[in-house]
Amino acid sequence: MDMNMVAQRLEQSITYYTEQLARYDMEQLTRKPGEEQWSLGQMYNHLIGSALGMQFANIDECIRQSEQQEQAQGNATHSEAQGKTDIGTMLFAKGSFPPEPVRVPPHPAYTPQQPMSREQLQAGLQQVRSRIQPLAARVQHIPSHYTVRHPRLGDLTATEWFMLTEMHYRHHLHQKRRLDEFLQMEHSRMDQTI
């Protein structure tokens, strides 16, 4: 897979998400369709936090492993990878997540915070964007035996973590569409009561 193409698609997704932010006020960004469902702002925070705190952090770990091995000139050992899970193999073979929502247990550790401002979300998206090209240039040079385990997908290489970021941003377009429909219905309902 061409990492420049993956980077380009990820940048296009971030551009789209950034441009879309201008459509919403804070009330819309924080309105939830249900108690256990996320608002648009929480979805944005999830995308930003997952990229920076998980996907890119795990790419950095693969890079660190590789650099340590080079410094040790072949004397260091790396942990034995177990490979991808069946779900991970299917996901990468297909190149995308299934369109269905992924249910995450309602737990404070898995629930993103509501945003403080639209500017906070814009800054987070910009922070993700600033890492894309430097990572795209590096990941393809990291040997595939340097991996970090994903809880559901199994052992992923730096390249796979990078591809996962792009797939993740694309996957949440389904959620964004559902949330936009919810907000439109709410807006129509309010217009009818006025």
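**How H1 packs on H3**

H1 and H3 cross in a left-handed way, meaning that the near helix is turned anticlockwise from the far one by less than a right angle. This comes from a predicted model, where local features need pLDDT of at least 70, side-chain atom pairs count only at pLDDT 80 or more, and totals for chains, interfaces and linings use all residues. Numbering starts from 1 along each chain as its sequence is written, and side-chain values use heavy atoms, with hydrogens and water left out.

Helix H1 spans residues 3-21 and helix H3 residues 40-71; their axes come within 12 Å and cross at roughly 150°. That puts H1 roughly antiparallel to H3 (over 145 degrees, on a scale from 0 to 180 degrees between N-to-C directions, with axes fitted to C-alpha atoms over the stretch in contact). On the H1 side, Leu10, Tyr17, Gln20 and Leu21 meet Met43, Tyr44, Leu47 and Phe56 of H3, contact being heavy atoms within 4.5 Å. Sorted by class, this contact has seven nonpolar residues, one polar and no charged ones; Leu, Met, Phe and Tyr are among those that count as nonpolar.

As for the chain as a whole, there are six helices and two strands (DSSP runs of H or I with at least four residues, and of E with at least two), in the order α-α-α-α-α-β-β-α. Of its 194 residues, 42% count as buried, that is, under 20% relative accessible area with a 1.4 Å probe. Among contacts between residues at least 6 apart in sequence, 83% join residues at least 24 apart.

Conventions. Angles under 35 degrees count as roughly parallel, over 145 as roughly antiparallel, 65 to 115 as roughly perpendicular and the rest as oblique. Buried means under 20% relative accessible area, exposed over 50%, partly exposed in between (1.4 Å probe, protein chains only).
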